[in-house]
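Please open the model in your viewer and keep the selection tool at hand. The stops below go from a core to a pair of rings, and then to a sheet.

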Amino acid sequence: DVGRRTPPPVRFSPTPSPEPMARNGVPEFHTRPDSRGSPSPSPHPVSRLVPLPQTLSLPTHAGENAKHTTKTPVRRMFPENLCTEMSAHYRRVNCLTCSGAYLFSGSDDCSVCMWELAQCRARWKAHEKGVTAMIYGERVLVTGSEDRTVRVWEPLTQQCRKVANVGSSAVTSLALNQGTLISSVFHREIALWDLTTMTRTGSLKGHKGFVRCLRVAHATTAVVSGSNDDTIRIWDLRVPRCVQVLRGHRDNVLCVVPCPVTGTAVYSGSFDRTVKEWDLRRVSSSRKLGGVPLNLGCVRTLRSHTHSVTSVEASKGLLFTGSDDDEIKVWELDAPGEDCCLHTLCEDQDRRVAALQLQGPFLFGAYSDRMVRLYSLEVLGVSDII
């Protein structure tokens with residue numbers, strides 16, 4: 001028991017079986033009776049509550065350095081209304097983003113879904129190939145794809161405003177900052193675009209490997225990027241140029257997120273199975289990499305995942321990480337040291353976590369089994385430290 005008051009479970013109708021996509025790009029779903037024998041109120045794909053394993057434990061990770069091996073049992077009895085499955089896609093879900101009221105998901109089935117809490121309100125074919133990146137901001141939804149294009153959408157009407165060809169490879173990440181769209185593909189450069197006209201206005205150069213992830217620090221002009229060259233770079237869009245290089249990972253950096261509160265910390269996940277916390281104030285004035293100040297100030301390294309860390313999200317007091325080991329881990333940032341894992345959320349095998357998104361008291365996860373899963377942080381007992 002997490003020791004906190006558990007709200008009554010939200011009840012959803014059973015998930016309807018998906019059928020082939022209609023001509024207009026929106027799937028046709030048919031109502032069928034729910035558990036009480038009455039028809040479901042909406043023809044859209046809906047969600048169902050699913051139980052998680054009743055006892056979850058944090059596995060022992062014997063990584064490359066045995067001296068860092070930790071063994072911390074984390075055992076909790078979770079109520080069945082912790083997780084809600086959201087089904088509307090036909091293939092792997094790759095990316096998530098949210099506005100104030102809606103969650104958006106992009107999938108290998110070329111479609112985008114718009115969700116209101118756990119109900120799918122719209123689904124449309126957005127690209128010719130899989131949707132690999134998305135970001136919401138300035139009242140528009142921007143999506144990127146394996147078809148090498150970026151599209152700007154009016155999400156409530158599903159109308160495409162602009163289309164831009166981004167190059168010779170798939171889009172890996174997108175970010176927005178004050179009318180500027182920042183995009184990366186499987187290339188060393190980061191492209192800058194005018195969001196209104198979708199014309200290219202510049203680029204950020206410095207990485208020696210493909211750029212895998214982008215995030216914008218809250219209320220600043222700083223962009224954080226992670227790359228296959230095992231480094232993280234901090235860019236100032238006002239210049240624009242690189243102002244710091246963070247080096248410490250031993251393999252490709254797959255995900256990054258700036259601290260939403262202080263703005264002086266960055267969290268990163270890597271193919272080396274670790275999560276690192278960085279202090280941007282520890283930049284060296286004497287050590288440089290390619291003329292850029294080098295930051296070796298890794299505050300701590302979190303070793304618990306057994307496969308590559310693919311997604312990371314941060315709140316005021318918590319860090320959420322998703323991995324190819326089919327697990328989501330919840331870390332307490334204010335806890336001292338590296339032994340700060342509060343919970344481990346496990347799904348069945350072969351359900352790799354592709355992306356995470358926080359929205360109010362909920363955490364959403366995008367999975368390789370075509371599902372989006374909603375986790376209630378109130379039920380988990382951590383909503384007071386978000």
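Begin by selecting Phe320, Ile328, Leu363, Tyr375, Leu377 and Leu380, which touch the most other members among the 18 residues of the largest nonpolar core (a set of buried Ala, Val, Leu, Ile, Met, Phe, Trp, Tyr and Cys residues joined through side-chain atoms within 4.5 Å; buried means under 20% relative accessible area, exposed over 50%, and partly exposed in between, with a 1.4 Å probe and protein chains only). Two or more residues come from each of β28 (318-323), β29 (327-332), β30 (341-346), β31 (353-359), β32 (362-367) and α1 (377-380), where helices (H or I, at least four residues) and strands (E, at least two) are DSSP runs numbered from the N terminus.

This is a predicted model, in which local features need pLDDT of at least 70 and side-chain atom pairs count only at pLDDT 80 or more, while totals for chains, interfaces and linings use all residues. Residues are numbered from 1 along each chain as its sequence is written, and side-chain values use heavy atoms, leaving out hydrogens and water.

Next, select phenylalanine 104 and tyrosine 136, an aromatic pair that is stacked, at 5.8 Å centre to centre with 10 degrees between the planes (ring centres of Phe, Tyr or Trp, its six-membered ring, within 6.5 Å; planes under 30 degrees apart are stacked, over 60 edge-to-face, the rest tilted). Phenylalanine 104 is in strand β6 and tyrosine 136 in strand β9, so the pair ties together parts 32 residues apart in sequence. Phenylalanine 104 is buried at 1% relative accessibility, whereas tyrosine 136 is partly exposed at 26%.

Finally, show the open sheet of four strands, ordered β21-β22-β23-β26 with antiparallel pairing (strands pair if DSSP finds at least two bridges between them). Its edge strands are β21 (253-258) and β26 (298-303).
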